[in-house]
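Here are my notes for you to read with the model open. Take the points in order and find each residue as you go.

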Amino acid sequence: MNLDSLHSVYFIGIGGIGMSALARWFKHNGKAVSGYDRTETDLTRSLQSEGIAIHFQDDLEHIAEAVKLSTEGVLVVYTPAIPSNHKGLNWFRANQYPLMKRSEVLGLITQNMKNVAVAGTHGKTTTSSMIVHLLKTAGIDCTGFLGGISANYNTNMILNDSEDSIAVIEADEFDRSFLTLHPDIAVVTATDADHLDIYGDKEALKDSFRQFVDQINDGGHLFVKHDLKEDFTPSDKIRKTGYGLAQGAIKSTNLRIEDAAFVFDYSGSQTIEGVRLNVPGYHNVENMLAAMSVCSQLGADAESLKTGVSTYKGVKRRFEFIHKSADVVYIDDYAHHPVEIEMFLKSVRDLFPTKKVTAVFQPHLFTRTRDFAEGFSESLSLADEVILLDIYPARELPIEGVSSALLLKDIRTEKKTISTKENLISQINNWKPEVLVTIGAGDIDKLVEPIKNSLL
């Protein structure tokens, strides 16, 4: 498909984090953009304020006339999460409109651009946002397709200044979406078992990552977490470099915590001393090592890298400080896999070694809760107090015997309970937290503001 020939792009599921980024890109590049989503959110309201028409009823009369008039010059982009009985989607299919999944469009947009793709079962949103910010700080033009809202730019779509900008893409392994990409530089942050409802087992997931790596363009570069390095054997036309917190060709040295910031020396093709990362977490130091390495290769100098790291503000819902006072600290995080929770809570513990940590966790998906129940219980045991919410089902139907109680029984923390959303704030207040953390990828974010207000 020739994108230049398009006059209108219509999105079914426009309010998704990945779909909205594409919508913003097409709008920025002169196309008429409109779409449907099931519910109104802060993100859809933001898109509307930018001039994108959105409707929330599955009714053909709300679709723009320019879109309904003819299939010529129109592209319909849809998310696989849309149900099969969706009227709009079925009408477009019946009338033979060109339809593409988000991942296919992303591949199409970036196929003629120099591009960096960041893949991994966790860390990809943060790492891709870091790369974008370091490039911007260095004055290197880039286009960023992010899976979260960058706190530096308050958007998930970093818009290009010129046609020859570098594309930075969060490469999603869910439903093998990242296999539409052919990167010049790739990063693999993690391949922990996840999405087993899609892949079946961990080895199938790893095979998908290997396919992704095999699609790196000749002369390209793979930056991979050091302990995964031997899992990937790209062609001899691809350079492979391992990075890690304390091991690998790229690593941090002299790592310490100073005033809730992580300070370290970057050791790679060059040494950069006294790098200050104000977004805490050992995992974020590791992500930043990868980001600095990518940007160094793309022409960022040591001084701009150091400045970029110190001014990086993070991603919404990734180790986000919501409230800080002498009495209580409140942090919100998107972690929804046992490994992510473990890394997050270990970092919280090191930042506040003398304070009691109270964790509120909303499990995400019945299958993920079932498949990793033992790991969830183990990682949550790092907190002093644990409150579990009911499982957020997302796209799934309930599974018999799978509930938050499955996790609660094996959490070693003595003070633990299950709470409804309605009773959560009173439960939190009764326990008088010193460091409160909310964790999860479902709709727990809707509780953040009410919780914050209750702490004031």
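1. Start with strands E4 and E5, which pair in the parallel sense over 3 bridges. Strand E5 covers residues 99–101, and its Lys101 is the residue standing opposite Tyr78. To get from E4 to E5, the chain passes through helix H4, residues 87–94. This β-α-β crossover is right-handed. Keep in mind throughout that you're looking at a predicted model, not an experimental one.

2. Now look at the pairing between E4 and strand E1, which spans residues 8–12. E1 and E4 also run parallel, and 5 bridges join them. Here Tyr78 turns up again, with Ile12 standing opposite this residue in E4.

3. Next, hop over to Ser34 in strand E2, which takes in residues 32–36. Is Ser34 buried or exposed? Ser34 has a relative accessible area of 9%, and because the cut-off for buried is under 20%, Ser34 counts as buried. Leaving aside residues up to four places away in sequence, Ser34 touches Val9, Tyr10, Phe11, Ile14, Ile52, Ala53, Ala64 and Val67. For a sense of scale, pick out Leu305 as well: Ser34 and Leu305 are 271 residues apart along the chain, and their C-alpha atoms are separated by 38 Å.

4. Let's move on to empty space. Rolling a probe the size of a water molecule over the atoms shows where such space is left. The structure holds 2 cavities of 30 Å³ or more, and the largest cavity has about 40 Å³ of space in it. Helix H5 (102–110) and strand E9 (166–171) are the elements that give two or more residues to its lining. The lining is made up of Arg102, Ser103, Leu106, Ile169, Glu170, Ala171, Asp172, Ser177, Phe178, Thr180 and Leu181. Sorted by type, these lining residues come out as 5 nonpolar, 3 polar and 3 charged.

5. Have a look at the second largest pocket too, with a volume of about 480 Å³. Which elements give two or more residues to the lining of this pocket? They are helix H1 (17–28) and H5. The pocket is lined by 18 residues, and those lying nearest its centre are Leu3, Asp4, Trp25, Asn29 and Ile109. The lining divides into 7 nonpolar, 8 polar and 3 charged residues.

6. Asn254, in strand E13 (residues 250–258), has a positive phi of about 55° although Asn254 is not a glycine. Ala260 also has a positive phi, near 65°, and is likewise a residue other than glycine. You'll find Ala260 in the loop between E13 and strand E14 (261–267). At 25% relative accessibility, Ala260 counts as partly exposed.

Terms used
Residues are numbered from 1 along each chain as its sequence is written. This is a predicted model: local features need pLDDT of at least 70, side-chain atom pairs count only at pLDDT 80 or more; totals for chains, interfaces and linings use all residues. Side-chain values use heavy atoms; hydrogens and water are left out. On a 1 Å grid over the protein atoms alone, a cavity is a set of points where a 1.4 Å probe fits but cannot get out, and a pocket is an open set with protein on both sides within 12 Å along at least five of seven lines; lining residues have an atom within 4 Å of a point. Grid points are joined across faces, edges and corners, and a volume is the space filled by probe spheres set on the points. Helices (H or I, at least four residues) and strands (E, at least two) are DSSP runs, numbered from the N terminus. Ala, Val, Leu, Ile, Met, Phe, Trp, Tyr, Cys and Pro count as nonpolar, Asp, Glu, Lys and Arg as charged, and the others, Gly among them, as polar. Buried means under 20% relative accessible area, exposed over 50%, partly exposed in between (1.4 Å probe, protein chains only). Contact means heavy atoms within 4.5 Å. Two strands pair if DSSP finds at least two bridges between them. A crossover is right-handed if, with the strands pointing away from the viewer, the path from the first strand over the helix to the second runs clockwise.
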